[in-house]
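I opened this model to look up the ligand site, the pocket and a few backbone angles. My entries follow.

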Amino acid sequence: MAASKEQILAALAKVPSPGGAPLTDARVLSDIVVSDGKVFFSISVDAGAVKSWEPVRKVAEAAVRAVPGVQSALVALTAERAAGAASRGPQPAHVAQNRAAVAAPQPHAHAHPTDKVQPGIPGVDAVIAVASGKGGVGKSTTAVNLALGLRDLGLKVGMLDADIYGPSLPKLLAIKEKPQTIGGTRLKPIDRYGLSVMSIGFLIDEETPMIWRGPMVMSAITQMLREVEWGKLDIMVVDMPPGTGDAQLTMAQQVPLKGAVIVSTPQDLALIDARRGVAMFRRVNVPVLGIVENMSYFLCPECGTRSDIFGYGGARKEAERQGVPFLGEVPLHMTIREKSDSGMPVVATEPDGPHAKIYREIAAKVLEQIKGGADAGRAAPKIVIEA
Ligand SMILES: Nc1ncnc2c1ncn2[C@@H]1O[C@H](COP(=O)(O)OP(=O)(O)OP(=O)(O)O)[C@@H](O)[C@H]1O
Ligand SMILES: [Mg+2]
């Protein structure tokens with residue numbers, strides 16, 4: 001029989017923290033993800049206390065492994081710094097409204113064993129995920145152009161490439177350099193087209209076997225959120241790994257998300273996966289900001305004729321079915337592919353073209369959802385994840 005979250009918590013209650021109090025009372029635990037007999041969670045402590053907590057981490061991991069039904073356990077120890085208040089400097093009048101709307105309180109509320117509010121990222125007003133149920137649907141291309149569209153709305157935008165299986169921002173933004181460190185411990189994001197960019201590709205060795213990557217997600221993500229000097233951002237766009245498995249779930253729980261954008265192609269199979277994506281975010285109480293249909297139709301570069309090669313309107317219908325907004329259609333077009341793959345995203349390099357316009361419209365809709373979606377998030381039913 002699969003282990004439940006309650007069993008895990010009961011086992012952890014018997015593990016003493018360095019001060020002697022049960023681990024479950026020490027207010028250091030992240031949410032606990034239990035899925036198919038695999039258990040993940042992190043212990044977040046002050047940077048200065050890491051040494052005394054390492055033995056606790058080991059004991060906690062062993063205690064969880066000993067719970068009947070647990071096949072594997074991964075407990076990450078993360079050093080957390082005190083979250084500074086996100087104070088803002090003077091803002092240009094024409095963007096002040098957008099920025100203020102984004103900065104509205106986080107609607108996000110997790111089922112949390114310690115009732116600790118998930119910490120935000122200091123200086124970052126809103127974090128949104130771009131996700132897909134299925135790989136290769138154009139999630140990263142959409143994420144980059146959406147981020148640039150948000151930039152064009154006057155927002156200060158960051159991008160975090162959290163796709164542990166195939167980080168692609170270095171390619172899509174033609175980043176060859178590695179980020180610099182500040183004071184030997186903190187990383188400085190790379191600036192590209194006005195976006196502050198960090199990629200998991202900078203932290204994980206390309207040689208790391210795929211099988212190891214899932215368990216590394218949590219510590220790598222924590223590092224990218226807490227040990228990067230993001231500065232002041234209105235929005236951070238996260239390019240998530242494709243799929244709806246453990247890695248994605250962990251991520252959705254680790255990152256304080258204001259909402260998620262799901263990318264799908266119009267084919268039935270992709271739409272089934274998109275549906276899983278919507279369900280996953282709902283389960284962890286993250287509002288779905290909407291669905292983008294990518295490679296929606298083919299625009300002949302020669303004659304401009306439109307062909308609906310994968311059928312038409314699938315994602316729009318799916319969005320209706322799921323009761324989530326439909327954010328727009330991006331055509332399958334050679335220019336998008338060429339520009340994307342050569343590190344010159346269309347919104348940045350052809351800002352007056354038809355594709356840039358489409359992405360900017362999507363960005364505007366996303367922003368609308370962020371502004372108006374807070375209540376929807378609060379009203380969402382809270383469902384605790386269990387194996
Ligand atoms: N609208 C589009 N028109 C033409 N080509 C596109 C479009 N969107 C994405 N592509 C191309 O499709 C390929 C896959 O896109 P991308 O890497 O963005 O997908 P992904 O969903 O992030 O993939 P992965 O699952 O591997 O992370 C890339 O070569 C990209 O240039
Ligand atoms: Mg990708």
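**Loop residues and backbone angles**

I found Arg-27 in the loop between α1 (5-12) and β1 (33-35); helices (H or I, at least four residues) and strands (E, at least two) are DSSP runs, numbered from the N terminus. Its phi is near 55 degrees, a positive value in a residue other than glycine. I then checked Ala-174, in the loop between α5 (169-172) and β6 (181-182). Phi of Ala-174 is near 50 degrees, again positive in a residue that is not glycine. Most residues other than glycine have a negative phi.

**Basis of the entries**

I am working with a predicted model, where local features need pLDDT of at least 70, side-chain atom pairs count only at pLDDT 80 or more, and totals for chains, interfaces and linings use all residues. Residues are numbered from 1 along each chain as its sequence is written, chains are lettered from A and ligands numbered from 1 in the order in which they are written, and side-chain values use heavy atoms, with hydrogens and water left out.

**Ligand 1**

I listed the 19 residues around ligand 1 (near means a heavy atom within 4 Å). Gly-136, Lys-139, Ser-140, Thr-141 and Pro-331 come nearest. By class, this shell has seven nonpolar, eight polar and four charged residues (Ala, Val, Leu, Ile, Met, Phe, Trp, Tyr, Cys and Pro count as nonpolar, Asp, Glu, Lys and Arg as charged, the others, Gly among them, as polar). At least two shell residues each come from α4 (139-152), β12 (288-299), β14 (326-332) and α10 (334-341). α10 gives the most, with four residues.

Which polar atoms did I find by the ligand? I used pairs of N or O atoms within 3.5 Å. A side-chain N or O atom of Thr-141 is 2.6 Å from an oxygen atom of ligand 1. A polar side-chain atom of Asp-163 lies 3.2 Å from a ligand oxygen atom. For Pro-331, a backbone N or O atom is 2.8 Å from a nitrogen atom of the ligand. Taken alone, ligand 1 exposes 630 Å², and the protein buries 81% of that (Shrake-Rupley method, 1.4 Å probe).

**Largest pocket**

Where does ligand 1 sit? I found ligand 1 in the largest pocket (more than half of its atoms lie within 2 Å of the grid points). A pocket is an open set of points on a 1 Å grid over the protein atoms alone, where a 1.4 Å probe fits, with protein on both sides within 12 Å along at least five of seven lines; lining residues have an atom within 4 Å of a point. The lining has 26 residues, with Gly-136, Val-137, Gly-138, Thr-141 and Met-295 nearest the centre. α10 gives the most to this lining, with five residues.

Note on methods:
A polar contact is a pair of N or O atoms within 3.5 Å; within protein, one must be able to donate a hydrogen and the other to accept it, and residues adjacent in sequence count only if both atoms are side-chain atoms.
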